[in-house]
Amino acid sequence: LNYVINAEKGHNINLGYDRGIWRPHMESLNPLIRRTSEYSYSMGNPLLEAGCYDKYSFTTVLFNKYILDLSYRYGNNDIFSFSENDGGILYNSYYNGLKRSDFRAYLSIPIKVAEWFNLKLNANYSYVEENYGVYEENIHNWGCGFFADFTLPYNWRMDHHLFYYSSSESLFEKQSERPRYDITINKSFSKLGLNV
C-alpha cells in the first residue's frame, strides 16, 4: 500500500506485507561428509524442510531521496547450523525448528556535494530473537558507512564504498566486526560497447 503525502515535495509512505518462504541450499541438503580440518567435519541434512515467514514493512521517502525503512519478520521453522562435539571432533550439520523474529531499521541520506561528487550516508540496526527449545538468544547488530562517487576528467568515474558492521553472536554462530572498503574506477566507451 502506497500513499503520497505530497507529490510536489516527493513525500510518500509505503506499507507492505510479505508471506515468504525460505528454502534450504544445496550445500545444506548434501548428506556427504566433508572434512573441513583435522578436527572438524560438516555434512548436510537431506530431510530439511522449507519454512515460512511473515514480514511487515514500513518505508517513508522524503523529498524523493531520504529513506527510512522499518521491517519486522517472524518465522518458526527456520534452518540453522549446529556443531556437536564428539570426543574432541566437531560435527556440523543443519536442522529445522529455529524460531526467529527480527526487527530492522535502515536510513539512507544522499548528499550532492558538487556536480562531480555525490555522497550517500547509510546506517542500519537490527534486533533479532532466536529460540530453539531451551536455547534463547537476543542479538543486536548495527552498521554505518557511505557511498561516494567522483566524476574524474575524461569521464572516468571513481566509486568509494566504506562500511562497518558490528560484531554479533547468535545461538549457534558468531561473527566478528567487519569493516569493509572498496574502490572502483571505471569508464564507459559506449560507441564500442565497452566498460573498463
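Student: With which residue does Asp 159 form a salt bridge?

Tutor: The general idea is that side chains of opposite charge can pair when their charged atoms come close. The term salt bridge is used here for a side-chain nitrogen of Lys or Arg within 4 Å of a carboxyl oxygen of Asp or Glu. In this structure, Asp 159 pairs with Arg 157, and their closest N and O atoms are 2.8 Å apart. Arg 157 is partly exposed, at a relative accessible area of 38%. Buried stands for under 20% relative accessible area, exposed for over 50%, and partly exposed for what lies in between (1.4 Å probe, protein chains only).

Student: What should I know about the model before reading further?

Tutor: This is a predicted model, in which local features need pLDDT of at least 70 and side-chain atom pairs count only at pLDDT 80 or more, whereas totals for chains, interfaces and linings use all residues. Residues are numbered from 1 along each chain as its sequence is written, and side-chain values use heavy atoms, with hydrogens and water left out.

Student: With which side chain does that of Asp 182 meet in a salt bridge?

Tutor: The partner of Asp 182 is Arg 180, at 2.8 Å from N to O. Asp 182 has 26% relative accessibility and counts as partly exposed. Salt bridges can also share partners, and in this way Arg 73, Asp 102 and Arg 104 are joined into one network.

Student: How many salt bridges does the rule give?

Tutor: The count is eight. One of them links Asp 54 to Arg 19, with the closest N and O atoms 3.1 Å apart. Asp 54 belongs to strand 5 (residues 51–62) and Arg 19 to strand 2 (residues 11–22), so this pair ties together parts that lie 35 residues apart in sequence.

Student: How many helices and strands are there in the protein chain?

Tutor: Such elements are DSSP runs numbered from the N terminus: helices are H or I with at least four residues, and strands are E with at least two. The protein chain has one helix and 15 strands.

Student: What radius of gyration does the protein chain have?

Tutor: This radius is taken over C-alpha atoms, and the globule rule is 2.2 Å times the number of residues to the power 0.38. For 196 residues a compact globule would come near 16 Å, but the protein chain has 22 Å. The C-alpha trace spans about 65 × 40 × 30 Å along its principal axes. Of the 196 residues, 29% count as buried.

Student: How many positive and negative side chains does the protein chain have?

Tutor: Lys and Arg count as positive and Asp and Glu as negative, while His and the chain ends are not counted. A charge is placed at NZ of Lys, CZ of Arg, CG of Asp or CD of Glu. The protein chain has 19 positive and 22 negative side chains, and the centres of the two sets are 9 Å apart.

Student: Which residues does Thr 184 contact, leaving aside its neighbours within four places in sequence?

Tutor: Contact means heavy atoms within 4.5 Å. Apart from those neighbours, Thr 184 is in contact with Arg 157, Met 158 and Asp 159. Thr 184 lies in strand 13 (residues 178–186) and is partly exposed, at 40% relative accessible area.

Student: Is Ser 40 buried or exposed?

Tutor: Ser 40 counts as buried, at 16% relative accessibility. This residue is in strand 4 (residues 40–42). Residues up to four places away in sequence not being counted, Ser 40 touches Arg 34, Arg 35 and Leu 90.

Student: What is the phi of Asn 64 near?

Tutor: In general, most residues other than glycine have a negative phi. In Asn 64, phi is near 60 degrees, a positive value in a residue other than glycine. Asn 64 is in the loop between strand 5 and strand 6 (66–86), and is exposed, with a relative accessible area of 59%. Tyr 154 also has a positive phi, near 60 degrees. Tyr 154 is found in the loop between strand 9 (135–151) and strand 10 (157–165), and is exposed at 71% relative accessible area.
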